[in-house]
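Subject: Structure handover

Hello,

Here is the structure for your files. Please open it alongside this note; my findings follow below.

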Amino acid sequence: MSETPQNSASEETAVVAAPATGPVSQWLNEQGFEHEPLAPDHLGIEQIGVEPMLLPIIAAALKGNGFDYLQCQGGYDEGPGERLVCFYHLLAMAEQLDAVASGASSSLREVRLKVFLDREGSPSLPSIYGLFRGADWQERETFDMFGIQFDGHPHPKRLLMPEDWKGWPLRKDYVQPDFYELQDAY
């Protein structure tokens, strides 16, 4: 009969390892940019946490490093009383097109930036519309559904909901009104 060692309660505490630093995070470290490496998503795409005020600086640095296409910008709510999150999925599209044109095989470089915001008050962060024109309607939709302000956006208006709508419909603590009276548009 073999003996198996019995673990005490103190030996059973799990050690949570920090996420491995990906190539984009390593490059940002070399350039001196403050950020937080996050665990890769379910597809293995590198994710990086960014402070709101550093977002335009880091996005501009990444654009200069070849990440020239904003594939998607959006938001989500971690839950009632939790944080709101804005994400930016960037691709190095010109590199990919050059590889395809030359017949070489290359893997697509992509990274996702995440900005974590407190839901209380009026959450805001700088717009990246000046860097990526494709952020226009995407930032407006995130504002419309989650109430996140994008400072410096050229047209910060609701996109999907009527202008006089109260609240932010995709927040998990949103309470749908019992009645909404459509106002005359003229």
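Strand E5 is mostly covered, with 6 of its 8 residues buried. Buried means under 20% relative accessible area, exposed means over 50%, and partly exposed lies in between (1.4 Å probe, protein chains only). Helices (H or I, at least four residues) and strands (E, at least two) are DSSP runs, numbered from the N terminus.

Some ground rules. This is a predicted model, where local features need pLDDT of at least 70 and side-chain atom pairs count only at pLDDT 80 or more, while totals for chains, interfaces and linings use all residues. Residues are numbered from 1 along each chain as its sequence is written, and side-chain values use heavy atoms, leaving out hydrogens and water.

Back to E5. Strand E2 (residues 46–49) runs parallel to E5, joined by 4 bridges. Strand E4 (residues 84–91) pairs with E5 in the antiparallel sense, over 8 bridges. Two strands pair if DSSP finds at least two bridges between them. Gln47 has Arg112 as its bridge partner in E5. For Phe87, the bridge partner in E5 is Lys114.

**Lys114**

Lys114 deserves a look. Lys114 lies in strand E5. This residue is buried yet has no salt bridge. The nearest side chain of opposite charge is Glu78, 7.1 Å away. Lys and Arg count as positive here, Asp and Glu as negative; His and the chain ends are not counted.

Which side chains make polar contacts with the side chain of Lys114? One is Gln47, at 3.0 Å. Another is Tyr76, at 3.1 Å. A polar contact is a pair of N or O atoms within 3.5 Å; within protein, one must be able to donate a hydrogen and the other to accept it, and residues adjacent in sequence count only if both atoms are side-chain atoms.

Leaving aside residues up to four places away in sequence, Lys114 touches residues including Leu38, Ile48, Val50, Val85 and Cys86. Contact means heavy atoms within 4.5 Å.

**Salt bridges**

The structure holds 6 salt bridges. A salt bridge is a side-chain nitrogen of Lys or Arg within 4 Å of a carboxyl oxygen of Asp or Glu.

- Asp77 and Arg119 meet through their side chains, at 2.7 Å from N to O. Asp77 lies in strand E3 (residues 69–77) and Arg119 in the loop between strand E5 (110–117) and strand E6 (124–126), so the pair ties together parts 42 residues apart in sequence. Asp77 and Arg119 are both buried.
- Glu95 pairs with Arg109, with the closest N and O atoms 2.9 Å apart. Glu95 is in helix H3 (residues 93–102) and Arg109 in the loop between H3 and E5, so this bridge links parts 14 residues apart in sequence. Glu95 is partly exposed at 36% relative accessibility. Arg109 is partly exposed too, at 28%.
- Arg158 pairs with Asp144, the closest N and O atoms being 2.5 Å apart. Arg158 lies in the segment after strand E7 (149–151) and Asp144 in helix H4 (residues 135–146), so parts 14 residues apart in sequence are tied together. Arg158 and Asp144 are both buried.

There is also a network: salt bridges that share partners join Asp77, Arg119 and Asp173.

The largest nonpolar core has 28 residues. Such a core is a set of buried Ala, Val, Leu, Ile, Met, Phe, Trp, Tyr and Cys residues joined through side-chain atoms within 4.5 Å. Leu62, Tyr88, Leu113 and Leu125 have the most contacts inside this core. Helix H1 (23–31), helix H2 (55–64), E4, E5 and H4 each supply at least two of its residues.

Gln73 sits in strand E3. At 5% relative accessibility, Gln73 counts as buried. Its side chain makes a polar contact of 3.1 Å with the side chain of Thr142. Gln73 also touches Tyr88, Glu139 and Phe150, among others.

**Helix H3 and the whole chain**

H3 is hardly covered: 1 of its 10 residues is buried. Gly103 follows H3, with a positive phi near 80°.

The chain has 4 helices and 7 strands. Their order along the sequence is α-β-β-α-β-β-α-β-β-α-β. Of the 186 residues in the chain, 36% are buried. Among contacts between residues at least 6 apart in sequence, 57% join residues at least 24 apart.

Best regards
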